[in-house]
Amino acid sequence: MLAQVRSWWRALSGRPRLDEEMAAEMDGHIERYAADLESRGIERGEARRLARVEFGSLAAAAEECREAVGLRWPDEFARDVVYAVRVLRGSPAFTTAAVATLALCIGANTAIFSVVDAVLLRPLPYPQPERLAQIAAHVQGKGGSGDQTNLTGRFWEAIRDGATYLDRAVYSESSMGVNFAAGGKADYVRQQRVSANFFHVLGIVPLVGREFSVDEDHPGGPAVTVLSYALWKRAFDGDPAVVGRAVNLRGEPHTIVGVLPANFQSSIPADLWTPLRPSATGEGGGSNYAIVGRLRPDAAWAQADAQIEAVGAPLLREEPLGDGISARLRLMSFQRGITEDLRRPLLMLWAAVGLVLLIGCANIAGLLLARAAGRSRELATRLALGSGRAALVRQLLAESILLGLCGGAAGAVLGWLGVKALKLLALNRLNVWQTVELDWRVLAATACASLLAGILFGLYPALAASRIEIRAALGEAGRGVSGPRNPWPRRLLVASEVALAMVLLVSAGLLIRTFAHLQGLTPGFDARNVITASLSLQDARYATSEHVNRLFQQSLARIRELPGVESAAVVLSLPYERALNTEFRRLDGRHVDTEDQITNLFYLTPDYFQVLRIPLLRGRTFTDVDNANAAKVVIVSEAFVKMYLRDDDALGRHLDFGGGDRSEVIGVVGDIQQKSGWGEQFGPVAPMPAVYIPAAQTGDRSFQMVHTWFAPDWVVRTAGPPEGVIAGMQRAVQAVDPQLPFAGFHSMEEIRYRSLGQERFQATLLAALAALALLLAMVGIYGLIANSVAERTRELGIRLALGATAVQAIRATALPGVALALAGVIAGSLLAGFASQLLRHLIWGVQAGDPLTFGSVGLGLLAVASAASILPALRVAHLNPADTLRQD
Amino acid sequence: MGKQVDILQGTLDMLILKAVSLGPLHGYGILLRIQQISRDALQIPQGSLYPALYRLEHRGWIAAEWGESENKRKAKYYRLTALGRKQLKSERKEWKRLALAIADVLAAEPEEV
């Protein structure tokens with residue numbers, strides 16, 4: 001076997017030499033034979049002739065020799081390719097159209113696949129990533145199911161103590177920008193908080209030093225930090241003696257204990273890590289912990305999963321889940337756990353580009369079928385000359401595969417551009433943490449897709465073309481009165497194109513309607529001329545309510561003095577952002593709670609509602625009187641009243657936010673839009689129930705806790721364009737605390753725009769793909785009708801000569817296109833109905849079976865398809881019957 | 001020249017292996033040797049000799065090398081490889097079995113059936 005492979009390879013790689021040797025060997029044979037014959041007394045010339053005749057055909061022998069060493073297949077292949085190149089170069093219009101179609105389709109596939117691969121498919125860059133698990137609460141309700149990957153401290157403690165089949169660690173999914181200073185250099189870095197053993201569980205050994213020990217990872221533990229490789233290089237020039245040195249983090253000295261390797265990536269982008277210090281209260285009282293586990297070498301996945309379920313069962317029994325809803329802890333792959341929110345949109349886009357490729361293939365198959373009709377004489381001649389049908393099919397397939405590969409090569413270039421464009425447009429919003437690039441994996445997938453596409457669109461036309469009747473094809477001279485052969489395969493292709501285009505158009509329509517719905521939601525405030533900037537207060541110097549409030553008051557007083565400033569306030573969480581959620585109970589009125597309820601919570605300085613012009617509906621707003629010494633008061637939103645104080649007098653009700661304090665509701669304000677973080681009933685952006693508390697009445701512990709996750713925003717309304725006050729705001733804060741730099745200035749309009757980034761991205765991309773699909777389908781219809789006009793010229797000429805009007809002839813020609821489009825739209829509606837069910841999770845504010853979308857897409861498609869059918873049919877009007885009949 | 005026999009399909013390989021087992025030979029030499037040993041009873045169609053040689057070489061049963069022939073001309077010499085020797089042995093055994101069986105069949109008398 002090995003000898004054969006070696007001999008085959010030798011033959012294949014040294015083909016010119018092989019041919020030369022073969023010729024020399026056989027020539028030598030003939031000469032020797034001739035010499036023998038001569039020595040038997042035959043005249044020299046005659047001897048040579050005899051020797052040659054007896055040997056037989058040299059070419060045939062050489063051919064057989066080449067077959068003997070396994071060169072038959074490569075030989076034929078080379079012949080096919082050379083012929084295919086000649087054929088394709090002979091019809092540049094067809095080749096260009098097919099390659100361009102494929103380049104667009106495969107380019108789109110390449111670009112999207114590179115993202116899908118980076119996020120969903122490529123293994124995580126940790127050793128044995130398949131043994132890494134995310135621990136999630138799997139909630140199963142009537143309407144669907146979901147996995148909650150953020151858990152409370154009590155779950156962590158139970159898992160820490162009970163999950164013996166796993167090495168486990170806990171970490172925070174949110175990163176915070178923090179101020180960093182070392183050796184005189186100041187920097188703004190991203191910090192992630194992780195528990196002891198986190199890096200061990202991921203399988204990462206620190207490059208220098210060590211990771212956090214269990215002793216360091218408890219409340220009140222020493223202030224330590226681990227640096228990323230990049231930060232280590234930047235701040236310490238890669239000094240290996242960095243361990244033990246101190247850096248200033250949020251105004252507090254931290255000791256460096258380790259540095260991570262260069263290629264390490266955490267679950268979120270981060271520059272340094274500090275101990276999480278998990279606990280069951282405080283931060284751990286809410287669902288703020290993500291838990292990662294690595295399967296122990298001797299444990300099986302099912303075993304560990306069963307154990308986790310048992311560990312979680314007692315805790316989940318205490319959760320108020322509601323009727324018909326069940327929950328259990330389970331293991332999901334870590335990769336899936338950290339990419340869960342991107343999964344659906346990416347799979348949707350992947351399916352969409354796949355459909356576009358299918359439509360493209362159908363289009364090219366249609367073109368090939370039309371071409372085969374024109375080539376029937378060539379093919380029949382080849383068959384008549386003794387070529388086998390299999391050889392013919394192979395030859396035609398070689399042409400389409402060559403087309404596929406050319407299209408694939410062009411598509412790879414377009415895909416490369418597409419990846420660049422995607423990165424520019426949206427990847428920062430898609431929160432992709434593995435690098436998206438056109439690597440060999442993506443290129444291999446592209447090559448496979450092109451090859452498959454070539455076979456997909458080429459196989460049927462090749463088989464159909466090989467079934468021609470030689471005599472009919474050669475005799476017909478290409479001018480049959482009855483027109484083309486069976487037109488149905490091509491018609492079927494065109495109808496399917498329309499159906500697939502309908503699926504994409506409806507999906508795009510639903511996402512666009514979703515986006516329009518979210519975009520059109522009443523903001524509930526006046527976003528014009530408002531600038532915002534946030535400051536991280538996760539800082540040791542701002543551990544008390546007194547310090548925080550002094551910062552607010554002094555900085556706001558300076559900002560209000562700036563020219564052009566109308567009003568200014570500080571708030572925790574802006575509109576359109578994700579807000580802090582908190583538990584509370586209603587203490588009096590019609591509803592008194594024995595179980596916790598959930599709402600968004602904001603602290604703010606008194607002027608906030610005035611700055612954003614959020615209307616006060618009832619009661620009063622906060623004043624400076626509502627300070628730390630006064631009775632606790634809150635203002636609630638209208639959505640809060642609807643959800644929790646229905647049929648009740650909201651004013652005067654008392655709420656408890658866990659501290660045992662009674663807070664009185666003194667006012668009701670209008671709703672504003674918020675990014676939703678909880679509640680199945682809310683879309684990605686929705687007017688959520690909100691409770692506002694005065695910053696002056698917020699306690700030390702509350703400030704410390706919320707500032708670990710959220711940074712408050714300074715909100716300033718100006719008379720004119722707000723950009724002019726940026727420098728002044730910066731100076732105002734610097735004057736109060738020189739160590740506090742604003743993290744970035746954004747206008748309120750910009751924040752509103754950004755909040756719908758993902759929805760805008762999805763809708764835009766799908767709309768672009770749907771437009772491409774529509775274009776391809778219309779080109780398909782146009783091509784079909786144009787082709788039938790060309791093929792039926794004689795028939796139409798006869799009809800016109802016999803007295804048919806031009807309008808009748810045009811109608812007869814165009815009608816099949818419209819009928820096919822109608823069939824495609826009907827089939828497409830059914831398919832789109834199915835597709836829209838899959839898109840359910842991405843659709844808001846519009847029904848999955850939205851009649852407006854389905855109707856307008858269907859009618860629009862029909863209208864465009866009619867135009868695409870009538871346009872080529874109009875050529876019939878210019879036909880001169882006499883000419884067409886005289887035509888050969 | 002005696003009466004010539006057409007060579008059975010498949011036996012050509014065996015004859016070539018046998019011929020080169022006696023010493024390296026070029027293509028024409030193999031032809032001559034088979035004719036000589038069979039006293040011209042076996043006539044090999046010249047056109048099919050080379051495909052057979054390439055097939056055997058491809059299978060690793062014979063190996064080829066360019067050398068100089070008796071009259072100082074370059075020629076490709078074939079020799080038997082170890083693999084080829086084994087193959088020749090097994091083919092010879094097969095052939096003997098076949099020949100014996102056919103002889104038995106042909107020698108059968110009516111009453112034995």
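**Exercise 1. Confidence**

What is the mean pLDDT of chain A, and what percentage of its residues reach 70 or more?

*Solution.* This is a predicted model, in which local features need pLDDT of at least 70, side-chain atom pairs count only at pLDDT 80 or more, and totals for chains, interfaces and linings use all residues. Residues are numbered from 1 along each chain as its sequence is written, while chains are lettered from A and ligands numbered from 1 in the order in which they are written. The term pLDDT denotes the predictor's confidence in each residue, from 0 to 100. For chain A the mean is 87, and 96% of the residues reach 70 or more. Residues 478-483 of chain A stay under 50, and the model has 8 contacts for them beyond four places in sequence; a contact requires C-beta atoms, placed from the backbone, within 7 Å. Where pLDDT is low, the predicted coordinates should not be read in detail.

**Exercise 2. The fold of chain B**

Determine the order of secondary structure elements in chain B.

*Solution.* Helices (H or I, at least four residues) and strands (E, at least two) are DSSP runs, numbered from the N terminus. Chain B contains 4 helices and 3 strands. Along the sequence they follow the pattern α-β-α-α-β-β-α. Of its 113 residues, 28% count as buried (20 or more other C-beta atoms within 10 Å of the residue's own; exposed means 12 or fewer, and partly exposed lies in between, with C-beta atoms placed from the backbone). Among the contacts in chain B with a separation of 6 or more, 53% join residues 24 or more positions apart.

**Exercise 3. The interface of chains A and B**

Identify which helix of chain A supplies the largest share of the side that touches chain B.

*Solution.* In this interface, 20 residues of chain A are in contact with 15 residues of chain B. On the chain A side, helix 1 (2-13), helix 2 (15-39), helix 3 (44-55) and helix 4 (58-68) each supply at least two residues. The largest share, 6 residues, comes from helix 2 of chain A. By class, this side of chain A has 9 nonpolar, 7 polar and 4 charged residues. Here Ala, Val, Leu, Ile, Met, Phe, Trp, Tyr, Cys and Pro count as nonpolar, Asp, Glu, Lys and Arg as charged, and the others, Gly among them, as polar.

**Exercise 4. Positive phi**

Locate Arg277(A) and Arg39(B), and state the exposure of Arg277(A) and of Arg39(B).

*Solution.* Arg277(A), a residue other than glycine, has a positive phi near 55°. Arg277(A) sits in the loop between strand 10 (272-275) and strand 11 (290-295) of chain A. With 18 other C-beta atoms within 10 Å, Arg277(A) is partly exposed. The phi of Arg39(B) is also positive, near 50°. Arg39(B) belongs to the loop between helix 2 (27-37) and helix 3 (46-59) of chain B. Arg39(B) has 9 C-beta neighbours inside 10 Å and therefore counts as exposed.

**Exercise 5. Helix 10 of chain A**

Describe the span, kink and buried residues of helix 10 of chain A.

*Solution.* Helix 10 (residues 301-317) has 17 residues and reaches 24 Å from its first C-alpha to its last, close to the 24 Å expected at 1.5 Å a residue (1.5 Å times one less than the number of residues). A kink of about 30° lies at Val311(A), shortly before Pro314(A); the bend is the angle between axes fitted to the seven residues ending there and the seven starting there. The buried residues of this helix are Ala304(A), Ile308(A) and Gly312(A). Their cover includes strand 1 (132-140), helix 7 (153-162), strand 3 (166-171), strand 11 and strand 12 (326-333) of chain A.

Key:
Two residues are in contact if their C-beta atoms, placed from the backbone, lie within 7 Å.
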